[in-house]
Amino acid sequence: MRYNKITDEIVAGLKNIVGPSNVVLDPEKLGVYAGDEVPEAEWKHLPEVVVKPENAEQVAEVIKLANREMIPVTPRGAGTGLAAGAVPMLGGIVLSLEKMNRILEIDKENLFMVVEPGVTTGEVQQRAQEEGYFYAGDPCSADSSFIGGNVATNAGGNKAVKYGTTSRHIYGMEVVTPTGEITTLGGKCVKSSTGYDLVHLLVGSEGTLGIVTKVYLKLLPRPLHNAVLLVPFADMQTAIDIVPKIMTNGGIIPTSIEFMDNLCIKSAEGYLNRTLPYGDAGAYIIIEVEAYTESQLEADFETIGNICLENGGLEVFVGDNKSSQEKIWKARRYLAEALRVTSPVYCMEDIVVPVSNIPRVLAEISQIAEKYSVKIPCFGHAGDGNIHACLLKGNMDDAAWYAVKEKVLDEMYTVTHTHGGKLSGEHGIGAKRKKFMARFTDPVQLKMIKAIKKALDPNLILNPDKVIDVD
Ligand SMILES: Cc1cc2nc3c(=O)[nH]c(=O)nc-3n(C[C@H](O)[C@H](O)[C@H](O)COP(=O)(O)OP(=O)(O)OC[C@H]3O[C@@H](n4cnc5c(N)ncnc54)[C@H](O)[C@@H]3O)c2cc1C
């Protein structure tokens with residue numbers, strides 16, 4: 001075994017660094033840090049101790065101690081992850097960033113916001129809005145996820161089709177390296193060709209290459225008007241075909257283009273306890289557009305509406321005020337909760353494929369579901385090819401569930417790979433997909449990833465057992 005156990009001396013050392021009140025040993029309280037939002041028991045593991053540093057210097061000291069004592073350290077944000085990335089699979093220390101939760105600066109001259117990693121995404125959005133700006137990162141978990149977690153997973157979300165994923169909103173970060181040094185990568189410069197792009201090496205590294213202790217976020221001018229369109233289609237192929245037509249024929253890049261299949265529409269109806277329009281439709285497409293003037297907004301949503309109607313849309317419902325927009329978005333935003341009501345245990349996948357391949361991949365997933373007599377509702381971000389395929393456990397017993405899940409995941413990832421896709425579009429690999437990462441990644445790239453990890457973290461103490469096995 002590479003790692004040592006936490007001893008009384010190590011606990012004393014940790015208390016000395018972060019203060020006794022920021023060290024958690026009570027088994028009941030440790031339970032909160034044993035898992036993230038992946039519901040299955042196999043992806044839960046108790047930490048031996050949780051520490052809550054209040055600044056980068058304390059983080060660095062904890063990391064140095066962990067290197068000296070050979071203790072694994074798992075960084076943790078809000079624990080909303082869907083890849084078991086923040087789960088201490090090998091025990092050791094969970095390093096929770098919850099106390100580093102200050103907005104440090106709003107730089108109106110350079111359009112930046114500088115924040116600590118424990119600020120929630122929603123708070124960043126809200127503060128930007130209050131100051132008259134706009135932060136474009138918008139995962140569906142924005143109310144609870146932390147900005148540090150968004151950076152570490154390269155979170156996507158509803159606005160990624162127009163604004164890109166978190167990597168596009170990050171221009172710099174302060175990090176504590178896996179050996180306990182503090183450095184600032186990038187900063188407030190909008191561009192840089194000065195050596196390797198270490199900022200974007202860290203984005204999406206899932207806490208395996210460094211701990212993010214400060215983030216430089218890009219602010220944008222705030223679009224003043226928006227509208228949301230709900231368009232039911234008879235089948236998924238016709239629905240997805242609309243995406244390139246809007247972008248090329250319409251010349252408009254919507255903020256969001258989301259899809260839901262019929263199983264999701266039915267789950268949303270059950271959860272919201274109301275009938276949705278065209279509840280038997282094969283697919284829903286939800287489109288959001290933004291503009292700086294009202295006339296531009298109207299022109300854009302009329303163009304999009306007409307393209308939909310001319311290409312198989314059964315009807316176009318327009319949400320042009322807050323309450324009608326919320327009504328439309330609710331059906332999509334609460335799908336994770338809705339599916340949990342249908343089946344408390346499920347396996348949510350996050351595959352991403354070229355947009356035009358979505359219908360083909362969904363058809364093959366539906367064949368897999370039929371072959372194993374399981375339900376796999378699918379929804380996601382049609383505008384960027386990101387499919388959340390959600391295998392439901394239903395009332396299967398545990399043995400049957402694990403057996404069928406292995407086979408379904410294996411076949412689903414094979415289909416994804418065959419159609420030019422990747423295992424995860426935004427949730428990450430974590431512990432949950434590590435096995436498949438090794439199988440479906442080019443060996444040359446695996447070698448590069450392992451070399452980077454070994455070079456930066458020679459003792460392999462930072463978030464071990466995630467993304468890839470180095471040894
Ligand atoms: C209902 C629901 C909806 C969701 N919708 C979306 C969505 O639309 N788009 C999307 O992308 N995701 C979505 N997610 C997944 C999740 O919210 C994101 O992955 C989010 O970015 C995780 O942030 P967190 O603070 O909860 O991180 P955690 O779950 O605590 O950690 C995630 C990973 O980041 C690492 N980490 C956390 N903080 C740091 C840090 N400061 N430094 C280094 N590493 C760190 C952890 O070690 C772990 O590997 C959703 C989840 C739920 C439950």
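1. At what angle do helix H13 and helix H14 pack, and how far apart are their axes? The angle is about 160 degrees, and the axes lie 10 Å apart. H13 covers residues 358–371 and H14 covers residues 398–418. Axes here are lines fitted to C-alpha atoms, for helices over the stretch in contact, and angles run from 0 to 180 degrees between N-to-C directions. Helices (H or I, at least four residues) and strands (E, at least two) are DSSP runs, numbered from the N terminus.

2. A word on the basis. This is a predicted model, in which local features need pLDDT of at least 70 and side-chain atom pairs count only at pLDDT 80 or more, while totals for chains, interfaces and linings use all residues. Residues are numbered from 1 along each chain as its sequence is written, and side-chain values use heavy atoms, with hydrogens and water left out.

3. Back to the first pair. H13 and H14 are therefore roughly antiparallel. The cut-offs are under 35 degrees for roughly parallel, over 145 for roughly antiparallel and 65 to 115 for roughly perpendicular, with the rest oblique. The H13 and H14 crossing is right-handed. That term applies if the near helix is turned clockwise from the far one by less than a right angle, and left-handed if anticlockwise. H13 contributes Val361, Glu364, Ile365, Ile368 and Lys371 to the contact (heavy atoms within 4.5 Å). H14 contributes Val408, Glu411, Met412 and Val415. By class, this contact has 6 nonpolar, no polar and 3 charged residues. Ala, Val, Leu, Ile, Met, Phe, Trp, Tyr, Cys and Pro count as nonpolar, Asp, Glu, Lys and Arg as charged, and the others, Gly among them, as polar.

4. Look next at Tyr372. Tyr372 sits in the loop between H13 and strand S18 (378–381). Leaving aside residues up to four places away in sequence, Tyr372 touches Val404, Lys407, Val408 and Glu411. Tyr372 and Lys407 are 35 residues apart along the chain, yet their C-alpha atoms are separated by 8.7 Å.

5. Which residues of H1 and H3 make their contact? Helix H1 (residues 8–18) packs on helix H3 (residues 56–69) at about 165 degrees, with axes 9 Å apart. That makes H1 roughly antiparallel to H3. The contact uses Ile10, Gly13, Leu14, Ile17 and Val18 of H1, and Gln58, Glu61, Val62, Leu65 and Glu69 of H3. The classes are 6 nonpolar, 2 polar and 2 charged. The crossing of H1 and H3 is right-handed.

6. Helix H9 (residues 262–272) and helix H12 (residues 335–342) cross at roughly 85 degrees, and their axes come within 9 Å. H9 and H12 are therefore roughly perpendicular. From H9 come Cys264, Ser267, Ala268 and Tyr271. From H12 come Leu335, Glu337, Ala338, Leu339, Val341 and Thr342. The contact has 7 nonpolar, 2 polar and 1 charged residues.

7. Now the domains, whose bounds come from an automatic or database domain assignment. The chain is divided into domain 1 (8–98), domain 2 (103–221), domain 3 (225–336) and domain 4 (343–426). The C-alpha centres of domain 1 and domain 4 are 32 Å apart. In contact are 5 residues of domain 1 and 7 residues of domain 4.

8. An unreviewed UniProt entry places "domain: FAD-binding PCMH-type" at residues 43–222. Such positions use the numbering here, feature names are shortened, and annotations may be inferred rather than shown by experiment. Over residues 43–222 the chain is 22% helix and 24% strand. The end C-alpha atoms of this stretch are 40 Å apart.
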